[in-house]
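This briefing goes through a single chain, topic by topic. Please have the sequence and the model open while reading.

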Amino acid sequence: MAAKGSHAWGRIPRKDREGGAAAVELAFVLPILLLLVMGIIEFGHAYNTQISLTNAAREGVRVMAITQDSDDATEAALKAASSIPGVTAASITVPDDCTGGTQVTVTIHYELDTITGFAGPFDLSGKGVMLCGG
């Protein structure tokens with residue numbers, strides 16, 4: 001008869017042996033899962049920034065089409081992009097004139113730094129197009 005606490009025939013029960021296998025599997029899978037989660041976070045951040053840039057460019061081109069003043073359009077785009085750090089008047093392209101019946105385009109260029117630092121930086125741009133005087 002086996003002593004108390006030991007197993008018959010010197011074998012370790014199956015459930016005790018599988019604990020080590022689960023730890024090894026976790027060590028293989030965890031880095032992949034973390035990379036996936038960080039990629040999702042980075043994509044969401046970039047997508048949110050892209051939408052904000054596009055909305056700011058649309059606001060700038062709307063003001064340009066109505067007022068036909070490039071300074072007002074730049075100011076409107078800057079105000080609309082206030083949630084994006086680092087957007088300046090130099091990163092906003094607004095044409096000088098907007099005659100009735102022609103299209104005007106406002107573009108905002110931005111270099112996005114990543115949250116995790118694994119990739120990037122990424123060049124993003126937002127663009128708005130509208131008919132002048134309309």
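What percentage of the 134 residues of the chain count as buried? The share is 27%, where buried means under 20% relative accessible area, exposed means over 50%, and partly exposed lies in between (1.4 Å probe, protein chains only). This is a predicted model, in which local features need pLDDT of at least 70 and side-chain atom pairs count only at pLDDT 80 or more, while totals for chains, interfaces and linings use all residues. Residues are numbered from 1 along each chain as its sequence is written, and side-chain values use heavy atoms, with hydrogens and water left out.

**Overall layout**

- The chain contains two helices and three strands; helices (H or I, at least four residues) and strands (E, at least two) are DSSP runs, numbered from the N terminus.
- Along the sequence these elements follow the pattern α-α-β-β-β.
- Of the contacts between residues at least 6 apart in sequence, 57% join residues at least 24 apart, a contact being heavy atoms within 4.5 Å.

**The sheet**

- Three strands form an open sheet in the order β1-β2-β3, with antiparallel pairing; two strands pair if DSSP finds at least two bridges between them.
- Because β1 and β3 stand at the edges with a single partner strand each, one side of each is left without a neighbour in the sheet.
- Two bridges join β1 to β2, and 10 bridges join β2 to β3.
- On the β3 side, His109 has Ser125 as its bridge partner.
- Strands of a sheet pair through backbone hydrogen bonds, either parallel or antiparallel.

**Thr107**

- Thr107 is located in strand β2 and is buried, with a relative accessible area of 16%.
- Leaving aside neighbours within four places in sequence, Thr107 is in contact with Ser91, Ile92, Thr93, Ser125, Gly126 and Lys127.

**The disulfide**

- The structure has one disulfide, a term used here for a pair of cysteine sulfur atoms within 2.5 Å.
- Cys98 and Cys132 form this link, with an S to S distance of 1.8 Å.
- The two cysteines are 34 residues apart and link distant parts of the chain: Cys98 is in the loop between β1 (92–93) and β2 (103–112), and Cys132 is in the segment after β3 (122–131).
- The link of Cys98 and Cys132 is left-handed, with -120° about the S-S bond.
- Cys98 and Cys132 are both buried.

**The salt bridge**

- Searching the whole structure gives one salt bridge, defined as a side-chain nitrogen of Lys or Arg within 4 Å of a carboxyl oxygen of Asp or Glu.
- The partners are Glu59 and Arg62, whose closest N and O atoms are 2.8 Å apart.
- Both residues lie in helix α1 (residues 14–67), three residues apart, which is about one turn of the helix.
- Glu59 is partly exposed at 28% relative accessible area, and Arg62 is partly exposed at 36%.
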